[in-house]
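Hi there,

Here is the model I promised to pass on to you. Could you load it in your viewer before reading my notes?

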Amino acid sequence: MPTAYPAPAGWTSRKGRLAAGILVILGLVGGYIWYRFGDTSWLTPAVKPETAPVDRPAPLAQPDLPDQMVLIKGGRFRMGGEPSTAGESSGTEVDVADFYLDETEVTNEQYKKFLDANPGHPAPYSWPSGRTARTYPAGEAKLPVTGVTWEDAATFARWAGKRLPTEAEWEFAARSRGRYLLYPWGDDWSDSAANALNLRTGPSPVDGFRDDRSEQGVLGLAGNVSEWVADLHRRYDNQQLGFPKCPDCRVIRGGNYNSEKPAECAATTRLSDHSSLPAAQAEKQKYFEVLKLVGFRCALSR
C-alpha cells in the first residue's frame, strides 16, 4: 500500500502556515507579472507561413473606356442619303449597338509598332521603299497611315484586339449618333473645319483639325483621309453587291484632303475599292492613287 509521508517540520505550526501563505501569494504575483510583461509567444500556436494572412491592396477598378477610344451609345437611325450613282435606294433603317471607336485615325507611329511585332507583314505602299520599308518618313509619326489595303487594315485591327467598324457604325458616329446631319458638327460646311477641299496638299496630324469633331469627341470623320470600314459594298435596298464585277470591293467612308467639294465629305457618302491589290495591271495604278487618300480607324464592341 502507498507510504504516507509526514508534512515538513514547521508546516503544521501557525508560523509555518503563515510563511507558506506568503510564498503562495508572492508566487501568484510574480506569475502575473511574468505573464503580463514577459515573453509568452510559446503559449500561442505557431502560424504556418503559407496560411499567414497577407495584406494585399484592393484590385484596381477596370476602366470603362479603352485607351484612346470613344464610347458611342447605340440607337436606331436611317443610314444613307441621296440615291447613289449605282442606282440604289436612299437608305435603310438600321439598329446600332453600343460600341467604342478610335478617337482618331491610326497613325504611322502606331502602324510601325504593328510591323515591328509582325516583321513578315509588308509596309504601306506610301512609305519610302514601299512594301519593303520598315519605318515612315521623318516627322510623320502623327500623320494617319495611308497606302494600306483593306486586308492590311483588318489585320492591324485583329492584332490590336479590335476590329474595323461596320459601315453603319461609322456613319452613326459621323452623324453624332445618327442625327440627320451632313457633317459631324452640323449641316453647314465650314472651309476651315476639316482638312479637305485642297486646304492642304496632304494629310495633317490626326488631331490637327479640332473642329472636325462629332458631338461624342471623334476626330477627322469629314476630312484628312478617307477610311476603310468592314463591309463589302452592298446596295441598301436588297443587300446585293453594288459592283458585281468587284465582288471583293470594300466600303470606304469619309472625305479626305483631296476632296473637291463639301458633298464628297458628307457623312452619308460611300465609295469602295478592292480589298487587296487587284490582279489586272490596268487597275493597279488607279488603286495606288486611291490608297494615298485612304487610312482607317478601329472599333470595339462593348
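First, the ground rules. This is a predicted model, in which local features need pLDDT of at least 70, side-chain atom pairs count only at pLDDT 80 or more, and totals for chains, interfaces and linings use all residues. Numbering starts from 1 along each chain as its sequence is written, and side-chain values use heavy atoms, with hydrogens and water left out.

**The second largest pocket**

The second largest pocket holds about 480 Å³ of space. On a 1 Å grid over the protein atoms alone, a pocket is an open set of points where a 1.4 Å probe fits, with protein on both sides within 12 Å along at least five of seven lines; lining residues have an atom within 4 Å of a point. Grid points are joined across faces, edges and corners, and the volume is the space filled by probe spheres set on the points.

The lining of this pocket has 20 residues, and Q68, T104, E105, T107 and Q110 lie nearest the centre. Two or more lining residues come from each of helix 2 (108-117) and helix 3 (150-159), with helix 2 giving the most, 3 residues. Helices here are DSSP runs (H or I, at least four residues), as are strands (E, at least two), numbered from the N terminus. By residue class, the lining has 10 charged, 6 nonpolar and 4 polar residues. Asp, Glu, Lys and Arg count as charged, Ala, Val, Leu, Ile, Met, Phe, Trp, Tyr, Cys and Pro as nonpolar, and the others, Gly among them, as polar.

**Salt bridges**

With a salt bridge taken as a side-chain nitrogen of Lys or Arg within 4 Å of a carboxyl oxygen of Asp or Glu, the count comes to 17. One of them pairs E109 with K142 at 2.6 Å, N to O. E109 lies in helix 2 and K142 in the loop between helix 2 and helix 3, so this pair ties together parts that are 33 residues apart in sequence. E109 is partly exposed at 29% relative accessible area, and K142 is also partly exposed, at 48%; the class runs between buried (under 20%) and exposed (over 50%), using a 1.4 Å probe and protein chains only.

What about R253 and E167: are they buried or exposed? Both are buried, and their side chains meet in a salt bridge at 3.0 Å, N to O. Because R253 lies in strand 6 (residues 250-253) and E167 in helix 4 (residues 167-174), the bridge ties together parts 86 residues apart in sequence.

E289 and K292 form a salt bridge as well, with their closest N and O atoms 3.3 Å apart. Salt bridges that share partners also join E167, E171, R175, R253 and R270 into one network.

**Two residues to look at**

S226 lies in strand 5 and is buried, at 2% relative accessibility. The side chain of S226 makes a polar contact with the side chain of N256 at 2.9 Å (a pair of N or O atoms within 3.5 Å; within protein, one must be able to donate a hydrogen and the other to accept it, and residues adjacent in sequence count only if both atoms are side-chain atoms). A polar atom of the S226 side chain also lies 2.7 Å from the backbone oxygen of G254.

N198 sits in the loop between helix 4 and strand 5 (226-232). N198 and N258 are 60 residues apart in sequence, with their C-alpha atoms 5.4 Å apart in space.

Happy browsing!
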